[in-house]
Structure formats: C-alpha cells, structure tokens
Amino acid sequence: MIPLAQSSNWFGSHTANMFSAWQWALLGLVPPAIILLYFLKLRRHPLVVPSTYLWRRSIEDLHVNSIWQRLRKNLLLLLQLLLILLVALAVLRPSVAGRKLTGERSIFVIDNSASMQAVDVKPSRLAEAKRHVRGLIDEMRSGDVAMLVSFSDVAKIEQPYTDDRRALREALERIQPTERRTDLGEALRVAAGLANPGRSGTDPNDIRTAAALPADLYIFSDGGFAPVAGFSLGNLKPTFVPVGAEAATNLAITAFGVGRSERDPQKLQAFGRIENLGAAQAGSTVELHLDGRLIDADRVDIPAGQGHSVAFDLSGVDTGTLRLRVSAEDDLPIDNEAFAVVGVPRQAEVLMLTPGNRPLELALQTGEVSELARVRIETPAFLKQPEYQTLAGSGALDWVIYDRCQPERLPTANTLFVGSLPPVGGWSADPKTGGLEIIDIDQSHPLLQWLDLGNVHVFLGSPLKPPQAARVLVDSDVGPLLAIAPREAYEDAVLAFPIVEQLPSGGQGMATDWPSRISFPTFMLNCAQYLGGARRGSAQDSIRPGDTVTLESPSTKTKLSVMTPRDEVLPVPVDPSGKAAFTSTGVQGIYRVQADRQPYRSFPVNLFDPAESNLALGAAPSLSIGHTQVAGQVSWEPSRNELWKWILLLGLAVLAFEWWLYNRRVYG
Amino acid sequence: DASSSMDFGEPTKLRYALQLAASLGFIGLVRGDRIKIETLGQSPRTPAPVFRGRRSLWRMLDHLEGIRPGETASLAEGVKNFCLRNSGKGIVVLITDLMDKGGFEPALRYLVSQSMDVYVVQVLSAAEIDPDLQGDLRLIDCEDDDQAEVTVSKAVVDRYKQTLAAFVEGARSFCTRRGMSHVLTRTDAPLEQLIGGFLRTRGLVR
C-alpha cells in the first residue's frame, strides 16, 4: 500500500495522493495531447473518386446547415477529456468517511425484544439498530462474511455466514419486533458455535472438532437484561452498540390481576401496579375496560423511579376479560396495557388415599380448598380396585395424595406422598428418627409461599434421600423433610413425616404439631393450587410472552384450539394424558381456548417485566458477559471508503459511450 | 467526354459512352447521315474524321477504339472548341458525366448558341449514384488531385444523394428551358433500353 503522503479534505471527503510531482506533470500533459491529436485529426484512408465536386458540396451543406454536426465532433473530444479527468480523479483516491469492519468474519446480533419497540429514537430502537447493521453490511469488503442473529429471550439465526450482502440485507429486513423479554445468553451461544468449536454450551468436555474461526461480534441492544454468567467469549471479539436514548419516559404496568377483596372475600377486585421508569414525575389516567367497555378509571401521579398500586372494585362481575390501560403517551406503548381474565374457576379433581387422617381431611375441607378442588377420599385398599387403575391412567385426576401408602405405578397426575415414598424415580429415605428440627425452607416455591414453619415441630420422620433432579423445599438438621421432583409432565412432592402415626395400641398419635399451625391449611391450599392446577379466586394467572402454557383438555378426544389476540385460530394437539402444550404466546393479550369449537377457557399474556420496561440506557451503557465487561461503543472508528473503483467504472462507461457514439456517427 | 472522371465505374463511363456513340453512329451510317465523333479534349486544329455510309462502320469503330481516357480539358473548353470546329446545322449528342468543378452551364450555353439539336446524355456509374463508402476517408479527385476529407456516415451519404439529385435535376431543368434534351443513364443499365426506349421517345432515334 502506498503511504498516504498527503491528504486533503473536499466537502467532507478525503483524497490521497498516489503520484509524485513529475508523474502529475506527465498526467497533466495528457489532455493537451488529446486536443492536439484531435486537431491533427484522424488517419484517413485515401480513395480516388471521379470527382470530389458533389462530396465537397455535401459536406459543406452539412457544415453550414447543422450545428449538431459540429457539436458531435466536439462531443467526442469532450468525452475523451472527461475520461482523462476521471482517471486523474481515480488516481487521487478520493474517499468518504465510513465505519470500519475490522475483521473478515462478523456476527451481527440484533435485539428484537419488547423494549426495542421504544420510540425514544425515531422511528424505533429496532429500526435504528437495523440502520446501523445496514451501514455495516454496506461496508463489507469482497470476501468478508457475516452472520445475522436476532434475539429476545430466544435467539434465531436470521442468516448463516455468507458473503452475499443482498441476502444479509433481506434477512435484516425480515427481523420484526417481538413482545418478549431479553436474554443475551442464547444468542451468544449461537454466535459462538463456529468461533469456539467444541463449546456446545452444555457440555464442557465436548471434543473440539474444527479449527476456531475468530469473529467480530457486534451486539445491537438496549441492554435491559441480567449479566450473562457462565459464558466465555473465547474467539469472539465483542462490540456493544447501545441503541436508545440516555433517558426515556415510560409508565409501565408491571402487575395486573384479579383477586378477592381482603375486607369482603365475596367481592372481586382488580389490582394493578404502575411504575414510573422515567427520569421525571409522570401522571396518567388508568382505565379499566371489561370486554372492551370502560368500567372504571383512576388518576395516578408517580414520582420518578417509584410505583403506584391501583385497585378497582369488580362487584357484579362474574366473567369477562379485563384490560388495564395507561392513557399517557410514553416511549414504550406496549407496556401501557395489561390483560386479565375473570371466569368461573375449574375445580381440581383430587383423590386422597389414606387409612384415616383427620387433620389432613380437615385441611382439605376448608372453604378455600373446597372452592378450588373436589376431593375424593378412599382407603389404600382402593389401590387394588380396577376403578383406581382406570382413574389413575385416564388423566382425569389432577392430584393424588398417598397418605402412608404406595401405588404400584404412579398415576398420570401430580402426587403428594405423606409419610411414604414414590415407588419409582430414585426416592429413598433414612430410617425413622425423632426430634427433627426444621432449619431451612424454600419460600420461593409456590408450595411454600406465605408459609412460616418456624413454630412447627416434627416428632417423628424419615429424612429423605431425593433423586438428583429433585428440589428440596424443607430441610431439617438431619435431612430433607419436603422435596419435589419432576416426572414427565407431572411433579411428585414427598413429605418425610406422616401427619398422624398409627400407634401400636391401635389409636392415632400426632407425628407433628403442624396441623395446629395456620401454616398447615395454607400449605394444603398451595398444594391444591399448584399440584391440583386450580387457580385462586376467579382469575387466570398471567404468563409472559413466549412462555409455554399447558392446557388441560376435558378429554383426550377433545380438539383444542386457541384464538390469539390477533384473531388467528391455532389448533393444539392433545397428548394421551389429556394435556396440550401451547407455545405461540408471542404477543400480549387474551388467548381464548376452544374445546371442540366451544369456548373453554381464556388466559392472559402480559409482559410484566420492569427490566424490559426500563428504557434508560444511562450515561455509560455496558454489557457484562462472563468475566468480560463490554463498554458501549458510542462512536465508530473512522475509516476510508475509497471511491476510485467506482470512478474508474464511470470512466469505462464514458469510454463505452464514446465508442458507441463514434460507431453511430460512422456506421449508424 | 474522355476526361479522367469518365474512367470509373463497372463498366467505365467512357466504355459506356463509346458503346452509345457506336450505336448512334451505326444508326446514322445506315441512314446515310454524316457522322462525326469527337472528344472534348481534342485539339481545335485537328478535326475528327467524318464517316458516311455503311462501309465506314469499321473505320468509325477503329476511331472509337482509339479514344482513351485522361483528357484534361474542362467541359466548357471542350464544348467551346467543338463549336469552333463544327458550325452549321445538325444533331449534337453530348455524352458526359457533367462533373466539372467549373459547372456545366457555360458548356451547355455554347451549344445553345449553335443552331443544332442538342441531346445531353449524362452518364453516371452505380458507385456515383449509390456510393458504398464508410469511415474516415480522404477522397482524391482523379482529375485535379483535389482532396476532401470526409467521415462518411449515413447522414453524409444521404446528404450526398440529395446533392446528386439536385445536381441532375438542375442539369435537366437547364436543358429543358433551353430546348435541349437531357437524359440520365447509369452504366449498369442496358444500352438497348436507352436507345430503344428513351431516345426513341425523344425523337433522336426513329
């Protein structure tokens, strides 16, 4: 490469001098030489004719009558001069300032999560990110390859590695905004596939099978996600391009649901929480719509960074779909709406097999549980009867409680074992021991929500040895007392101690004082809700966009379909157990499940993610990937985009035009 | 006209002119007319031989065979000398291409002043009527070595044809206005067609 000895700046563009003075002088002689040659005229073939008399008169007539004839002669000269001018310009190596793609392999990772719909940069953050990427694709040199990945909470390879810039541009245009949350981890694993061979992301002992292909990783995102832990960039050289304004205005609904009023349990109430994630105090009207009809409204004024709860009375409302709307305009409209469903709850079908357990029966007969679940109580002898076999295998049961008894095969339902163990799944227990002290409980699990077991004493129990996949919920000084483990589509919970113990004398004694605590009926209520699949009150729980919903079919022969908020009807295959997994929950709104074309149930999908709704990038945005901190690239390293190839091409076009014009004059 | 310009064409214009002269001469000899065949470059003091009677046919043909191209006299000068040598009544057939940079008008005016019936047969070759030229050429006049540089394009050829048409039309108009007959012929046209057709209608041949 010739060093850029001198450079100049013309209207924002740059030139680089490739010639020395004498070379320029030589080039400068070319135009006068062309003009000189033009006056010396062309080499003409001599031809003897009878008389030049008529020819001369013809030429004179043409000269006199047609100025165009004269112009045509001059046009060739002008074209030749233009050609040499273009050549001289190309030699000057003009260029315009551009952004630099430093590597031969690039990976463009574009965030299309919900927050990228923010309009704090016009027309939107996603459009701005795509504009950046389009510019970088234009900068690609011949031989450079690039890959395009979009990500929200899932990653999608929009275009595998290619040097076809048109394919990349088309793939870029196909990227659409989603309403999902953000998780960079999967996108990084996808991007790292070729750069770090052998890193499957799941198996650290994976054998390296191909040579590493280092790549530049360009991440276009507005952040809004947790640091990516447990990922090593390896051969990826990251560049984070933050998209969005430093500060933005956003009032977001972060929670919305329906529940019983604390004062009057017979009444339903709609609860919502609105957070001001902007930098200034903001106010808005909050509207509540029932089936598209405005039924209530409230006014909120929220200081910056704080939240405010609203509650609406739903007296007289039995069924319907609710929509909560923040009417103020802000930078992210999609979190200004939330949805909930009010409906008749489906009662869980519960079977309890017990030799007799009064405290347990009482706990399942409370008003709350009765509303949620229909409980059938049988003795362990029922296990041997054909009716049990039919019930256990049909999927008609939601939850089965085995109190000090054990079935031969586990049912197609969730189970709770009290003082006994599941026959399969790797469960075992230590011998019975007395005086167990509860030392830890996992309150994050739905079964133990709102529970305080500090005042519970367990007199006799067999500490559990749960399988590896199990989650210990209650731990004691000698071992786990409550654990839960997944089994295909179901879960098995095991309580290590019986509530009551059969005494040798024939009577019953308490193995724990838990039934006398308020936490016991609450635990059974949680079990009814979680293991029974019943829902509290009259509301369906909201799920997040993109999450999977497990639908329970009234029977295995029922055809289920779901109508999305965009009025698309999607069939959902039902598996032999009568359950169906529905995954197309990409957009917010009410999803209406139909069983054999009849309305069956509805469920709402809401964003409810303060991290996603928080649009502020801050003054120095950065990403944390593994142990690497990637600072946001606010400006690009300048580079020269040389134009000489284009100018030479233009020169060739001029030459072709000149040749065409000459031939047209001579032979046309 | 035995000038150099008549030595072009396929056959040459001069060859065509000699054949025409021989044909007309033969008709005259058969009819017992007095026939005289002269070229424009002929010296004023050496008049051409006179032929009469069928027996003079071979002599006339020998005379015609002796005519060579390359005479340098202009059209006007040649006609003037002819008029000086030949006074009196008769029929004059001038066979020429009329390509003279001095113009054909002075020459024809000399003929008008004679009390003769004048027929002007303008002979042009096919290459002159429909030139097949292309490219950058330096055209050299065979008579005076005059050079004309021309880039022959379709437009130039079209313009040449227009000029030629105007030139022929000018000659015809000049002759008609002065009681002369003008006939244009091309060297690739059959001679008998010219004699049996056109000249017969004009009264030159019965």
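A cavity is a set of grid points where a 1.4 Å probe fits but cannot get out. In this predicted model, a search of the whole structure finds 1 cavity of 30 Å³ or more.

**Enclosed space**
- The largest cavity holds about 40 Å³ of space.
- Its lining consists of A:Ile438, A:Leu453, A:Val474, A:Leu482, A:Leu495, A:Phe497 and A:Trp514.
- By class, that lining has 7 nonpolar residues, with no polar and no charged ones.

**Second largest pocket**
- The second largest pocket has a volume of about 1200 Å³.
- The lining of this pocket takes in 39 residues.
- Nearest the pocket centre lie B:Ile35, B:Lys36, B:Ile91, B:Val92 and B:Val93.
- Four elements of chain B each supply at least two lining residues: α1 (13-31), β1 (34-36), α3 (75-85) and β3 (90-96).
- Helix α1(B) gives the largest share, 9 residues.
- The pocket lining divides into 23 nonpolar, 7 polar and 9 charged residues.

**Chain A overall**
- Chain A contains 12 helices and 39 strands.
- Of its 668 residues, 47% are buried.
- Take the contacts in chain A between residues at least 6 apart in sequence: 68% of them join residues at least 24 apart.
- The accessible surface of chain A is about 33100 Å². Carbon and sulfur atoms account for 55% of that surface.

**Aromatic pairs**
- Over all chains, the count comes to 15 aromatic pairs.
- A:Phe657 and A:Trp660 are stacked, because their ring centres are 5.7 Å apart and their planes meet at 25 degrees, and planes under 30 degrees apart count as stacked.
- Both residues sit in helix α12 (residues 644-667) of chain A. They are 3 residues apart, about one turn of the helix.
- A:Phe657 is partly exposed at 37% relative accessible area. A:Trp660 is also partly exposed, at 48%.
- B:Phe104 and B:Phe174 make an edge-to-face pair. Their centres are 5.9 Å apart, with 85 degrees between the planes.
- B:Phe104 lies in the loop between β3 and α4 (105-113) of chain B, while B:Phe174 lies in helix α6 (residues 154-177) of chain B, so the pair ties together parts 70 residues apart in sequence.
- B:Phe104 counts as buried at 5% relative accessibility. B:Phe174 is buried too, with a relative accessible area of 4%.
- A:Tyr53, B:Phe104, B:Phe167 and B:Phe174 form one aromatic cluster.

**A buried glutamine**
- A:Gln594 is placed in strand β35 (residues 589-595) of chain A.
- A:Gln594 has a relative accessible area of 19%, so it falls under the 20% cut-off for buried.
- Leaving aside neighbours within four places in sequence, A:Gln594 is in contact with A:Lys559, A:Leu560, A:Ser561, A:Val569 and A:Tyr600.

Note on methods: Residues are numbered from 1 along each chain as its sequence is written. Chains are lettered from A and ligands numbered from 1 in the order in which they are written. This is a predicted model: local features need pLDDT of at least 70, side-chain atom pairs count only at pLDDT 80 or more; totals for chains, interfaces and linings use all residues. Side-chain values use heavy atoms; hydrogens and water are left out. On a 1 Å grid over the protein atoms alone, a cavity is a set of points where a 1.4 Å probe fits but cannot get out, and a pocket is an open set with protein on both sides within 12 Å along at least five of seven lines; lining residues have an atom within 4 Å of a point. Grid points are joined across faces, edges and corners, and a volume is the space filled by probe spheres set on the points. Ala, Val, Leu, Ile, Met, Phe, Trp, Tyr, Cys and Pro count as nonpolar, Asp, Glu, Lys and Arg as charged, and the others, Gly among them, as polar. Buried means under 20% relative accessible area, exposed over 50%, partly exposed in between (1.4 Å probe, protein chains only). Contact means heavy atoms within 4.5 Å. Accessible areas come from the Shrake-Rupley method with a 1.4 Å probe; for residues, only the protein chains shown count as cover. Rings of Phe, Tyr and Trp (its six-membered ring) pair if their centres lie within 6.5 Å; planes under 30 degrees apart count as stacked, over 60 as edge-to-face and the rest as tilted.
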